[in-house]
Amino acid sequence: MMSQHRNARSDLAAGGELRSANAIPEHRILDAAYELLLAIGLRRMTMADIARRAEVSRATLYRRWPNVRSVVGTLMTREWGALGTAAFEAPRTSARQGLVDGIVHIAGTIRTNPMLRRIIELDPDFLLPYLLQRRGASTDQQLAMMELALREGQQDGSVRAGDVTMQARALLLTAWSFVLTGPVVAGEHELPALDEQLREMLDRYLRP
């Protein structure tokens with residue numbers, strides 16, 4: 001009975017009208033989580049904090065996500081997905097050139113992303129499951145985009161023949177090493193030169 005009552009609750013909109021939880025746009029909640037993550041970090045953030053910042057009830061939040069980590073996981077999927085889509089849609093002379101440029105751009109942009117830097121600074125353990133135990137939704141998105149670009153490259157002759165699934169995984173693993181370990185191995189002023197090495201490495205790997 002309590003569960004039915006909670007599911008029937010509505011949130012009060014800014015104008016005073018009642019509306020269902022499903023009518024509340026997800027970006028409003030994710031934007032609130034993004035702001036809190038930068039301000040106080042993931043470890044100190046609570047579902048109540050997110051609900052308060054987004055001006056929704058906690059019941060609304062819990063109907064969509066079970067905890068803060070799942071909210072931040074969805075936030076990362078949104079951020080990396082948008083970045084990947086924009087990078088791979090840029091003009092290019094061949095599919096290989098577009099793929100290489102896109103990966104290098106994504107690596108450099110994610111490396112300096114305020115959200116990722118904040119997580120690495122305060123809550124690096126949040127990333128461990130995605131690196132050691134399972135793939136996240138954003139990883140699946142990136143792999144799918146790379147596989148599509150690889151198929152296009154094989155069709156236009158700019159990418160060597162091969163299993164696009166394994167090629168995409170190799171590309172992703174290489175790029176992530178430059179994202180996460182690059183700042184440790186190279187100084188801040190050396191990162192642009194490091195990205196050029198990534199570009200050459202990827203281009204040589206994919207060239208027929």
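Which are α5 and α9 to each other, roughly parallel or roughly antiparallel?

Mentor: This is a predicted model, in which local features need pLDDT of at least 70 and side-chain atom pairs count only at pLDDT 80 or more, whereas totals for chains, interfaces and linings use all residues. Residues are numbered from 1 along each chain as its sequence is written, and side-chain values use heavy atoms, without hydrogens and water.

Helix α5 spans residues 68–88 and helix α9 residues 137–156; their axes lie 8 Å apart, at an angle of about 15° (helices are DSSP runs of H or I, at least four residues, numbered from the N terminus; axes are lines fitted to C-alpha atoms over the stretch in contact, with angles from 0 to 180 degrees between N-to-C directions). α5 and α9 are therefore roughly parallel to each other (an angle under 35 degrees; over 145 is roughly antiparallel).

In the contact (heavy atoms within 4.5 Å), α5 contributes Met76, Thr77, Trp80, Gly81, Gly84, Thr85 and Phe88, while α9 contributes Ala137, Ser138, Gln141, Gln142, Met145 and Met146. These residues comprise six nonpolar, seven polar and no charged (Ala, Val, Leu, Ile, Met, Phe, Trp, Tyr, Cys and Pro count as nonpolar, Asp, Glu, Lys and Arg as charged, and the others, Gly among them, as polar).

A second pair may be set beside this one. The axes of α10 (residues 164–180) and α12 (residues 191–206) come within 11 Å and cross at roughly 170°, which makes α10 roughly antiparallel to α12. Among the residues that meet there are Gln167 and Phe178 in α10 and Leu194 and Tyr205 in α12. The contact of α10 with α12 has ten nonpolar, two polar and no charged residues.

Note on methods:
Helix = DSSP H or I, 4+ residues; strand = E, 2+ residues; numbered from the N terminus. Parallel < 35°, antiparallel > 145°, perpendicular 65-115°, else oblique.
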